[in-house]
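Subject: Structure handover

Hello,

Here is the structure I said I would pass on.

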Amino acid sequence: MEVFNAANISEDVLAWNSELAMSLVVIDVFLGLYIIFGVFGNVMIIYIYNTRLSIKIDDRIFILALAAVDIVVCVTGPAFSLTRNILPVAFYGNVVCKTLWFFTKAMNAVSVELVLVIGVERYLKICRPFGVQMNSKAKMIILVASVIICFVGHTPIFFFYGQIPVINISRNITGHRCGRIHDEHESSLSDTGYLYLLVIFVLAVGTLGLIVLLYVMIGRRIYKRIKRRAKSSPSKSSEPDPASEAISTTTTENDTNSSREVNSVRKSNLPSNASIQKGGHSKRRRTSSVSIKNWREKHRYSLMFLLIAGICVVMYIPTLIVNLAVNLDSVYFWNYTSPHLRQLYLYFFQVYIVNHVVNPFIYGYFDSAFRTEVKQILCKR
C-alpha cells in the first residue's frame with residue numbers, strides 16, 4: 001500500500017507540497033551552508049590536529065572525537081532536515097523515516113554527551129588537579145560507552161516516529177510527512193509518545209544543566225588563577241631591567257676603551273626620576289598583561305571547550321523548547337500557522353546544527369598553531 005501511494009501522489013498533493021517547500025527555501029539555504037562549512041571545518045580539525053600538530057594524545061582524543069561526531073551531525077542533520085523541507089507533505093517511506101529520525105537524534109545525543117564528558121575531564125584537571133584523572137584508556141572507554149548509551153536510549157523512536165498523514169482541510173486532500181506519530185486513531189500511542197518526549201526533554205535539560213555547572217566552576221577557577229597571578233606578578237617580578245643588563249654586560253670587559261663606553265651607556269640608559277615612576281607603572285601593566293596572556297595560553301583548551309559548551313547549551317535550548325511546545329507535524333501547524341511563523345518555528349527547531357558548525361572557528365580563535373596551519377593550507381591552494 002505504501003509503494004502504491006508513493007507512486008500515485010495526486011497532483012493536488014504535489015501542488016500543496018510545492019507551495020510549502022517554496023516557503024522554506026531560506027531555511028534550505030542555511031542548511032546547505034551548515035553542511036559546507038561544518039564538514040570542511042571539522043575535516044580540517046581532524047587533519048591538522050592528527051597530522052600537523054604535536055599535541056599530547058590525552059588532549060587530542062576528545063578534539064578528534066568531537067570533530068568526527070560533528071562531521072556526521074553536519075551531514076545527517078541538515079540532509080534530513082532538507083529532505084523534510086523539500087517533501088513536507090509528500091514523504092513516503094515509513095522504515096526510512098524511522099531510521100533517519102533514530103540516527104539523527106542518537107548522534108545529536110552523542111555530541112551533547114561528549115561535551116559533558118569533556119566538561120568532567122576539564123573539571124578534574126582544573127579544579128581537582130591532584131585527584132583521579134582520566135587517562136587515554138578511560139577516555140576511549142567512556143567514548144564508546146556514551147555512543148552505546150545514546151543509541152540504545154533512543155530506540156523508542158522507532159515506535160513514536162514514522163510516516164504520518166497530514167490533511168489539508170481547505171482542499172480536502174491528504175499528504176504524508178516524516179514526523180511524530182499523532183494519529184487520532186492511535187491516541188494511546190500518542191500519549192505514550194508525549195511521555196517519552198517529556199522524559200527526553202528532562203534528560204536533555206539535566207545534561208545541559210550539568211554542562212553549565214561544570215564549566216561555570218571551571219571558568220571561576222581559571223579566572224581566580226589569572227586574577228591572582230596578575231596581582232602577584234608586579235610585586236614578585238624577577239624580570240631584569242634592560243639598562244642594568246646592558247651595564248653589567250659591558251663592565252665585564254677590561255680595557256679602558258670599554259670603561260668609557262660603560263659610562264656612556266650608563267648615562268644614556270639610566271632614566272630620570274619621573275621616567276622611573278612612569279616606567280614602573282607601564283612595566284607593571286605590561287607584566288600584568290603578559291601574565292594574563294600566559295595563563296590564557298596555558299588554559300586555552302579549557303577556555304576553548306568552555307566556549308564550545310556555552311554555544312552548545314545556547315543552540316540546543318531553542319530546539320528543545322520548540323520540540324516540546326509546538327507539534328511541527330500536526331494538521332493545525334500545516335493548515336493554520338502563517339508561513340512566516342512556520343518558517344521561524346522550523347528554523348529554531350533546526351538551529352542546534354550551528355553548534356556543530358562553529359567549533360572550527362572556536363579552535364581557530366584560541367589555538368594560534370591551528371590557525372596558522374589552516375592559513376598555510378588555504379594559501380597553498
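Predicted model: local features only at pLDDT ≥ 70, side-chain atom pairs only at ≥ 80, totals over all residues.

Residues are numbered from 1 along each chain as its sequence is written, and side-chain values use heavy atoms, with hydrogens and water left out.

**The hairpin**

Helices and strands here are DSSP runs numbered from the N terminus: helices are H or I with at least four residues, strands are E with at least two. Strand β1 covers residues 161-168 and strand β2 covers residues 173-180. They pair in the antiparallel sense over eight bridges; strands count as paired if DSSP finds at least two bridges between them. Together β1 and β2 make a hairpin with four residues between them, and N172 in the turn has a positive phi of about 60°. Across the pairing, Y161 has R180 of β2 as its bridge partner, and Q163 stands opposite C178.

Buried means under 20% relative accessible area, exposed means over 50%, and partly exposed is in between (1.4 Å probe, protein chains only). Six of the eight residues of β1 are buried. In β2 seven of the eight residues are buried, so β2 is largely enclosed by the rest of the structure.

**The disulfide**

How many disulfides does a search of the whole structure find? It finds one, where a disulfide is a pair of cysteine sulfur atoms within 2.5 Å. C97 and C178 form this disulfide, with their sulfur atoms 1.9 Å apart. The link of C97 and C178 is right-handed, with 95° about the S-S bond. C97 lies in helix α5 (residues 94-127) and C178 in strand β2, so the pair ties together parts that are 81 residues apart in sequence. C97 is buried at 0% relative accessibility, and C178 is buried at 1%.

Two further cysteines have accessibility values. C150 is buried at 6% relative accessibility, whereas C379 is exposed, with a relative accessible area of 68%.

**What the record says**

The unreviewed UniProt entry lists "transmembrane region" for residues 20-49, 61-80, 100-120, 141-161, 194-218, 303-325 and 345-366. UniProt positions are given in the numbering used here, feature names are shortened, and annotations may be inferred rather than shown by experiment. In the model, residues 20-49 are 93% helix and 0% strand, with their end C-alpha atoms 43 Å apart. Residues 345-366 are 82% helix and 0% strand, with their end C-alpha atoms 33 Å apart.

**Aromatic rings**

A search of the whole structure finds 17 aromatic pairs. Rings of Phe, Tyr and Trp (its six-membered ring) pair if their centres lie within 6.5 Å; planes under 30 degrees apart count as stacked, over 60 as edge-to-face and the rest as tilted.

One of the pairs is F102 with F151, which is edge-to-face at 5.6 Å centre to centre and 80° between the planes. F102 lies in helix α5 and F151 in helix α6 (residues 136-153), so the pair ties together parts that are 49 residues apart in sequence. F102 is buried, at 13% relative accessibility.

F160 and Y196 form a tilted pair, 5.1 Å centre to centre with 35° between the planes. This pair links distant parts of the chain, 36 residues apart: F160 is in helix α7 (residues 157-160) and Y196 in helix α8 (residues 187-236). Both F160 and Y196 are buried.

F30, Y34, Y347 and F348 form one aromatic cluster.

Contact means heavy atoms within 4.5 Å. Leaving aside neighbours within four places in sequence, F151 is in contact with F102, F103, A106, M107 and V110. F151 and V110 are 41 residues apart in sequence and 8.2 Å apart in space, C-alpha to C-alpha.

V69 lies in helix α4 (residues 57-86) and is buried, with a relative accessible area of 11%. With neighbours within four places in sequence again left aside, V69 is in contact with M107, V110, S111 and L114. The C-alpha atoms of V69 and L114 are separated by 9.0 Å, and the two residues are 45 residues apart along the chain.

Regards
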